[in-house]
Number of protein chains: 2
Amino acid sequence: MENLNFFKKKSLELDKNDSLNNFRNYFCSESDLIYFDGNSLGRLPKSTIDQTNEVISNQWGRELIQSWNKHWFKLINDTAIHLSKMFQCDPSEVFVGESTSNNLYKVIDSLAVSKKFNTIITDSLNFPSDIYIIEEICSRNNLRFEFLKYKNDIECEIELLKNTIQNNPNSIISLSLVSYKSSYCYPYRALNELCEKNNCELVWDLSHAAGALNLNLKKDKFSYAVGCTYKFLNGGPGSPAFIFVSKEKIKSINLTIRGWFGHSKPFNFDLKYEQSDSIEKFRSGTPHILSLSTLPTSLSITNKASIKKIDIKRILMIKYFSEMFDNLLVDRGFVYESPNLKEIGSHISISHNESWRICKSLIKPKTGKKFILDYRPDRFLRIAITPLYSSFEELFLLVDRLIKIVDFNEFNLHNKSKDVVT
Amino acid sequence: MENLNFFKKKSLELDKNDSLNNFRNYFCSESDLIYFDGNSLGRLPKSTIDQTNEVISNQWGRELIQSWNKHWFKLINDTAIHLSKMFQCDPSEVFVGESTSNNLYKVIDSLAVSKKFNTIITDSLNFPSDIYIIEEICSRNNLRFEFLKYKNDIECEIELLKNTIQNNPNSIISLSLVSYKSSYCYPYRALNELCEKNNCELVWDLSHAAGALNLNLKKDKFSYAVGCTYKFLNGGPGSPAFIFVSKEKIKSINLTIRGWFGHSKPFNFDLKYEQSDSIEKFRSGTPHILSLSTLPTSLSITNKASIKKIDIKRILMIKYFSEMFDNLLVDRGFVYESPNLKEIGSHISISHNESWRICKSLIKPKTGKKFILDYRPDRFLRIAITPLYSSFEELFLLVDRLIKIVDFNEFNLHNKSKDVVT
């Protein structure tokens, strides 16, 4: 068994050898706060402050309507270019706008009305609202709703999933590539290939993966994906979501929600709708420019660091944390609720009989630094792994703090009440 | 016939007696630019700069995820409160979020699937993308698409519209309360009553009316409305749209796009969807906080001025402009393309054989002030009437400038090419 001191030394060594160590300087931070909730809301890049100020004061304030031609159409395209660079796909395959829920609806509903499919398959690891959306689409379009409920909420029963796909050719499949609770990550390439063989279309929700995992959407044969940009991509609260559709499939998509900006010539104001042939067909209303304007800056940081290096550091951080966990937290009543290194995304879920009150103790310490991570019912404490701005030393300090909270029963200082967002 | 000098004097007098004259100081402006395009994108309120900076630097930058509980849920509610004050309805009847197109889709599609209706009626004055959306909903739900094409694009043939409603009980009707081209404004109260009598549901698009006309949604018996906030409400480029549903009708709405935030208890993360009973059911994804954060400040200005006074000044400005038009512009080849004072919204459309090149001359003068207004095919020059920040003198200067452009054939300096946004 290694002790605290061993891990402290190790953290400093790992930070010293970390080639991304300087990237934390690109982000705003407070000296009394250690943040492990980048899987809910990423940190604010310093350069975003100037960028949004330019958009508000100059582009809106001074150039007014002229900024559509001068800046804002370019902003939309630039954002897609940055995102496609990270996803290693073509910019013409990426739409940025609206919310993940609306985007998932648009993609799956469009597939559903094509009459090529008879079933939608999803599972109990998927994000709940993705399931709500699919269920409604099924009932409306008379598609069978095949819901796989696994024995636990940590891992997918991969053989069951594969068999279900094989037994249901011509299905739409909706999965979250990294599960929001346990951080389980699917063998996506194998599943993409299996779906192709069985005439199935797999629509991935990449919300908990984008900006964290080194995904090559082309090489790994993705057809459809959606996801958000306010977690590991640091776009800010409610920054616009994205849709990826592989080049070969864009043309055949027939959208059920039409709109001004999805028209092939929006400023002709024709009475007749002529759907754009490009990925722009997904755009219905006027883009939310302020919320979009943060993305080129934050995505630039990710691309400057490179998603490859971010992914490598992610693994090192998880490895380091789980060593500490085995040596220092297991005996203190903590349970590791994430899969092993080969199947994990970019957060680690742990639990304890007192998960919720431990979460409160971290956020409201009597003295010393405040730690923010989040709680998901019924027991999960989620620790975000955000290589761009988190250090190994911070992971060490978190474990040190968890030890103190349970060793001194500090959670007894807090009651069990909950706020709206947990 | 009155001359230029007469109207110059009159403008100064009108400005002197204008009780809203000081409100222009709440907005950013440039001394070399006169802006008549507030019906496309409203001006930036000065206080919005500090407000968005607070949201970005402090709420996102420092308080991070904690801001959902501390600030952002309140922001959503506050925005609805401000908007409901202006619309003279209850805050529980107003949802703010997403785009007008998505909101129109959500409302009309939800009505369409209820199986209570057999037809959707709309007309040629409606905004084109509203028509696209309705057409798709009709074809999908096997509803008849009744499209009224009027003889001209200036005014509604009101008897034809009324007869169509009477002959088609159990219809959904979609109209833009103020038409984007001519500024025609429907007799909304009479139509709301007629629809009620005929078991029809009228869904108004208030995009070109909200913040300009003194609408009392309760007294005037509105049931459903949608609209945007970036025109007369000065929310900034792509600020979130709204939905109004009268209290009595909210419960029966069954949404076809479900979502995380439309769940009655979003942070329980239940696998089972339980639709919120309140107006919040319209929320699917995470709200676009940055784009939303401008609204409380800008709506406060509107409410401080009061929509009643804004509406009174609107009429005075239109009256003053049309007097100048009759005396000075008619003989110079300009055509008045808007209806009379009783049927007009908050912009005036005029045209000329050289509309497009006149528009370019206004924006790019050789010397002197730049004027921005907009052009809509095939001939319309739209002059926004924005009582909060426009003066009578500015209207005078615009007419003065139009006279110079045509008297000296200044439009010949420009070619006929067009940018993306016109």
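The model is predicted, and local features need pLDDT of at least 70, side-chain atom pairs count only at pLDDT 80 or more, while totals for chains, interfaces and linings use all residues. Residues are numbered from 1 along each chain as its sequence is written, and side-chain values use heavy atoms, with hydrogens and water left out.

**Pockets**
- A pocket is an open set of points on a 1 Å grid over the protein atoms alone, where a 1.4 Å probe fits, with protein on both sides within 12 Å along at least five of seven lines, and lining residues have an atom within 4 Å of a point.
- The second largest pocket has a volume of about 520 Å³, a volume being the space filled by probe spheres set on the points, which are joined across faces, edges and corners.
- Of its 30 lining residues, those closest to the centre are A:L111, A:F117, A:E201, A:Y224 and A:K249.
- The largest pocket holds about 930 Å³ of space, and among its 42 lining residues B:S110, B:L111, B:A112, B:V113 and B:S114 lie nearest its centre.

**Sheet of chain A**
- In chain A, 7 strands form an open sheet in the order 2-8-7-6-5-3-4 with mixed pairing, where two strands pair if DSSP finds at least two bridges between them.
- Strand 2 (94-96) and strand 4 (144-148) of chain A stand at the edges, each with a single partner strand, so one side of each lacks a neighbour in the sheet.
- Strand 2 of chain A pairs with strand 8 (residues 242-245) of chain A in the antiparallel sense over 3 bridges, and A:F95 stands opposite A:I243.

How values were computed: Chains are lettered from A and ligands numbered from 1 in the order in which they are written. Helices (H or I, at least four residues) and strands (E, at least two) are DSSP runs, numbered from the N terminus.
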